[in-house]
Structures are given as C-alpha cells and as structure tokens.
Amino acid sequence: MQAKTATGKTIPKLIQPTKTSKWAHTLKELKRNKHHYILMSPYMLIFFSFTVIPVVFSLGLSFFYFNVLEFPRFVGWQNYSRLFLNDDVFMIALKNTFMFAVITGPVSYIACFLFAWIINELSPKIRAVMTLIFYAPSISGNVFFIWLIVFSGDSYGYLNGFLIKYGFMLEPILWLTNEKYILPIVILVQLWLSLGTSFLAFIAGLQTIDQTLIEAGAVDGINNRWQELWFITLPSMRPQLLFGAVLQITGAFAVADISIALAGFPSVNYAAHTVVTHLMDYGSIRFEMGYASAIATVLFIIMIGTNMLTQKMLRKVGE
Amino acid sequence: MKMIAVLRTPKKLNRSFLVSFLLFALLALFGAFMAMPLIYAVNNAFKPLDELFIFPPRIFVNNPTLDNFFDLVAIMGNSWVPLTRYIANTIIITIIGTAGHIFLASAAAYPLAKYRFLGSKTLFSIVVLSLMFSGHVTAIPNYMVMSWLGWINTHASIIIPSLAFPLGLFLMKQFMEQIPDALLEAAKIDGANEYRIFWSIVMPNVKPAWLTLMILQFPMLWGTDGGSFIYSENLKTLHYALGQITQGGIARAGVGAAVALILMVVPITLFIISQSSVIQTMATSGMKE
C-alpha cells in the first residue's frame, strides 16, 4: 500500500483531468502522508506549545507596553522607534554584539571544522582524547569561573601573578574593570567555550563520509589533502556545515552569560554590554516586557539575515 | 617522528610531512589552551585550604588531600532534604528528558529529511527560525502556558519542553539526509512500513547523531536548577543543592572546588563512554552504499 511510486501518483490525474477541487487534493495529500504526520505529531505538539506559541506571543508583545502587572497597552511602533532613536546604550550593545559576532562567529566556525578535520586523521585512541579535550569546556558548564581567577584584578590573579613574576610589569592590571580589556577577554573566553555542538557534529559528520568517495577521488586525480578537502570532504558534509553555521550564528549573537560572569552586569561603562544583556536588563529587571520583546525581535531579524547570507555562501562550497 | 606515526597513513595522497607536522603542532597548542582550565579545576578540588590561597598562585596541587570532599559530605549530611533526593530528581529529569528527546526528535526528523509533503518545508523552517529567538523574553509566555496546564512545581515543567528542543530535530534531520534513498526503497520493497523503516533502518544508521544529541542534551538537563517552575525543596535538583552549598564564600572555597569537580565529572564521563561507542559503531556501520 506504500508503493505509491510514480505510477500511483500520475495515473489518477490522467483519468480525471477535470479540476478536482483544491481541498479534495489537499485532503488526499494529507491522507497519503498520514504516517509522516503521525511520526511528527508528538514532537510538533510539544514544540508548538512551548516554543512557537511563546515566540509568537513575544513578537506580538513588541507592539505593546506591558509591565507584567497591568493589561498590555497597544503602542504601535513606539518601542522600535525608542530603541533606535532614543537608546544610546542599545547602540553600544549593538556595536559590541556585532564585534562579538564578526570575530567569534567565523573564527570559531572555522576552528571547529579545522580541529575536527585534523582530529579525524588521528588514530582512534588519540582521536578520542583530543575530542574530549576540545569538547570538555562546553559540557563542564560551570568551569568558566576559572577565567575569573585568571583575570582577577589583584596579584592573586594568574595572569597578573605571571606577568609580575617574570618582570613584564610591576603593578597588577584590573583586567575586568578596564574598558580596554573587557571586550577582548570576553571574546577570548567565548572562543574557548564555543567549540561545542558544531565541533561534535562535524566530528560525527566526518565519520559518516563515504570512504569510497575518497578512493574514487584519488583515482580521478585528486592528489593532495587540500583538493580532497574542497572537492570531497566539504561537499559531503554540507548538512552538518549548515547545522554548524546556524549554531555559530545564534551562539555569536546571543553572548550574554559569559559577559555577565566575567565583566559583571552592567559592565563598566557598558564595555561588554550586548543586545542580550540589554534585553535581560529590560526583561527581568525593569519588567518592560514590550520593550524587551522589541529588542528580541530586532536580534531575531539580524540573525535571520546573517543566516540567509551564510547559507548562500555555503552553497558555493566545493564548486 | 612519533607524532607523525600517529597519523593514519594508508591513503594514496601526497601528504607532505611538513604540513602534517604543522597541523599537529597547531592541534597540540590549542589543545593545551583548551585543557588548561580543566586541569586547574581538577587540581583545585584536591588542594588544602592554604594552597587555594597561595601566592603566587599555582595551577598544580602540592599536597593533594580529600578534605574538600569529606567537608562536602559532612555539610550534605546536615541538610534538611537528603542528598539522595536531589540526585534522584536530577536523574529522573535527565534520563527521561534525554531519551525522550532523542526518540521524538528522530521520529519527527525522519519524514522531514526524506520526504516532501504538505507543510514539510514550512515546519522545518519554523524549527530553524525558532533557534534564533532569544529565550529571555519567552519566559513569561512559557510560564503562562505552564500554569494553564497546571504543571508549575512538577518535574513535567522541565521534562516535557525539553523533549522538543528545536536543536535536536535540526541535527537529526541533517544527518538523516545522508542516508541513501536506495536503502529505504529496498526496505519498502521488502514490505516494511514507515514505522518499521524508521525504527530498524534509519535509527541504527544515525547512531553517531543520536549519541551526539545525547551528549548535547544530557549536560543541559544535568545542569538545570528547576528554573522558575519548581519551588518545593523536595523537587529541586542536585545542581541547585550544590549551588547553595558554595554560597558560603571564602570559608567554603575548598568545598566549592569539590562541587565544581563533581558537576563537571558526570557529563565528561558520559561523554567518554558514549564516544567510544560512537567509534565502535562507525566500524560496523551499514551507512555506505
């Protein structure tokens, strides 16, 4: 009954070429793919209730003034105009977020792939150890407190202690309260943490590449590892590459926890303020949910734009 | 030379020695950078109190001691809710959440990856788009949905939403796309229905993907503290309980280091175990055409 191949699909159309109503056709389609909908339904039901509905609700809320206590009041585009015309801190946050995204996004994406690719050439035992080392920072979530000690402002901090001991300087530097250093430090720690999900997906993806393709490539005249990488490995991994790109984009634009853990909230002169910390400020401290939703929406649109751009670029891989 | 012997050789490509060496050196250098804080965390847990505050600070421990762990046990023994309760709560949430998520996400990903039907494209784009929305503003609508369902202060409020995180479906779909269509068609000709194909053909073939997903989901749930949904102490998780202990400041710095190590060790152990099975399954995988 599942053998609805080309014949099953085309013959009824030939027999009755008269306009079957659009609804009847849709219904038929639904019935034919019944099993697919059944397979998807438990996931989709939960996904829509706890992710899609709240997101849609929040998108709508961005046009309201809502302080959680009173009933929401419609204000139209006011939240957005205030955001872009009247909010200096948001502009700083936007600038910082772009700095983060432009640096950590591509660097960590390329690093994820590069390290996964090198590691994949090692023997299984060493591969296991190296994968663990690179992946461990992102699963041992609470470990980034160590960076607080490394960059601690007194001479007990590791970096200060080290630099003083070896005579690079005499006085300890207040790394995390000096505007000059905050942003680079947060970027560094973010990079350290960011070899996570996509790195793992790349490793798994590299292991599922068809080895016969590589052998065939060698016969067809591919003779160094760079050609193999560009013509065989990368195109075979396109699904994982797209997955990694989306993750790196969301990760790079949504930096907040690390900035708060290292630089405090708010950071000195907003030096490490990001769009998400700005959002948290309005959402969970000032309870201006409408305004916070507008910030979230702007971030959302920026991410979608970046994502579309990246996907376009990734389609050119291996051509 | 020893390093190079490690590289897999039997490929017929011209691999220059110099490039291999440089790539490996790069890997070793960054590996050291990545590992340094973790080595420090491990060492810290075994440091006696006087070494924790030594000047100049040291990474490695001189006189390792288990005192920090004994202190932790002593503090835990005095707590109002027994430690086992927190552990049980965490294990329930983590196991149901992870296993359920892998199953539901795979079931939903299979049709999306392998067939085109009404709404398939739209549904998948919604999943991808939802990844890009900041969770900080959906907290209130989420809370409203939960209270409407009467799930506040139950483990369901943590477990059920975690079953349908968008990330898992996305990952699964990307991996399932690589399964050759010929394999599915052969099964169909042999008389298998969709559910059978999903369970006996597709699932075994994406083992690396579901182990990856498990490694992703597990630490997330392991680290949950109950969020804004769980209030009674009886239902709180281990992460929350240990977090409370370390609030003691400098006096409990040693205990804090021990706690950090415990929270870290469990996901890492799981990772090591599952990783070795990833490598094993790869050797016998029926993925290749």
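These legends go with close-up views of a predicted model.

**View 1. Where chain A meets chain B.** Start with the head count: 101 residues of chain A are in contact with 98 residues of chain B. Together the two chains bury about 9,200 Å², and 77% of that sits on carbon and sulfur atoms. On chain A's side of this contact, the largest share comes from α3(A), which puts in 21 residues. How many salt bridges run between chain A and chain B? The count is 0. Polar contacts do turn up, with 7 residue pairs between the two chains, both partners at pLDDT 80 or more.

**View 2. The bend in helix α3 of chain A.** This helix covers residues 34–61, which makes 28 residues. A straight helix would reach 40 Å at 1.5 Å a residue, but here the end C-alpha atoms are only 36 Å apart. Where does α3(A) bend? Look at A:S41, where the bend is about 50°. A proline, A:P42, follows within four residues of that spot.

**View 3. A:S259 and its surroundings.** You'll find A:S259 in helix α14 of chain A, which runs over residues 257–263. What does the side chain of A:S259 reach? It goes to the backbone oxygen of A:A272, at 2.8 Å. Setting aside neighbours within four places in sequence, A:S259 is in contact with A:V186, A:G264, A:A272 and A:T277.

View 4. A:T233 belongs to helix α12 of chain A, residues 225–236. A:T233 and A:W117 are 116 residues apart in sequence, yet their C-alpha atoms are 9.2 Å apart in space. Not counting residues up to four places away, A:T233 touches A:F113, A:W117, A:L206, A:I209 and A:E228. Is A:T233 buried or exposed? It is buried, because its relative accessibility is 3%, and the cut-off for buried is under 20%.

View 5. In chain A, the residue to look at is A:F287, with phi near 55°. A:F287 sits in the loop between α15 (275–285) and α16 (289–314), and at 39% relative accessibility it is partly exposed. In chain B, look for B:N153, whose phi is near 65°. B:N153 is in the loop between α7 and α8, and its relative accessibility of 28% makes it partly exposed too.

View 6. Which residues is B:H155 in contact with, leaving aside neighbours within four places in sequence? They are B:N89, B:I93, B:I230 and B:L235. B:H155 has a relative accessible area of 13%, so this histidine is buried.

**View 7. The salt bridge between B:K114 and B:D181.** Searching the whole structure gives 6 salt bridges over all chains, and this is one of them. The closest N and O atoms of B:K114 and B:D181 are 3.0 Å apart. The pair links distant parts of the chain: B:K114 is in helix α5 (residues 83–114), B:D181 is in helix α10 (residues 181–189), and the two are 67 residues apart. B:K114 counts as buried at 17% relative accessibility, whereas B:D181 is partly exposed at 43%.

**View 8. Two further salt bridges in chain B.** In the pair B:K173 and B:E177, the closest N and O atoms are 2.8 Å apart. The lysine, B:K173, is buried at 10% relative accessibility, while B:E177 is partly exposed at 33%. B:K188 and B:E194 form a salt bridge as well, with their closest N and O atoms 3.8 Å apart. Here the lysine, B:K188, is partly exposed at 22% relative accessibility, and the glutamate, B:E194, is buried with a relative accessible area of 1%.

Conventions
Residues numbered from 1 in each chain as written. Chains lettered and ligands numbered in written order. Predicted model: local features only at pLDDT ≥ 70, side-chain atom pairs only at ≥ 80, totals over all residues. Heavy atoms only, no water. Expected span 1.5 Å × (residues − 1). Bend = angle between axes of the 7 residues up to and from the residue. Buried < 20%, exposed > 50% of the residue type's maximum accessible area, 1.4 Å probe, protein only. Contact = heavy atoms within 4.5 Å. Buried area = accessible area lost by both parts, 1.4 Å probe. Salt bridge = Lys/Arg side-chain N within 4 Å of Asp/Glu carboxyl O. Polar contact = N/O pair within 3.5 Å; in protein donor to acceptor, adjacent residues only side chain to side chain.
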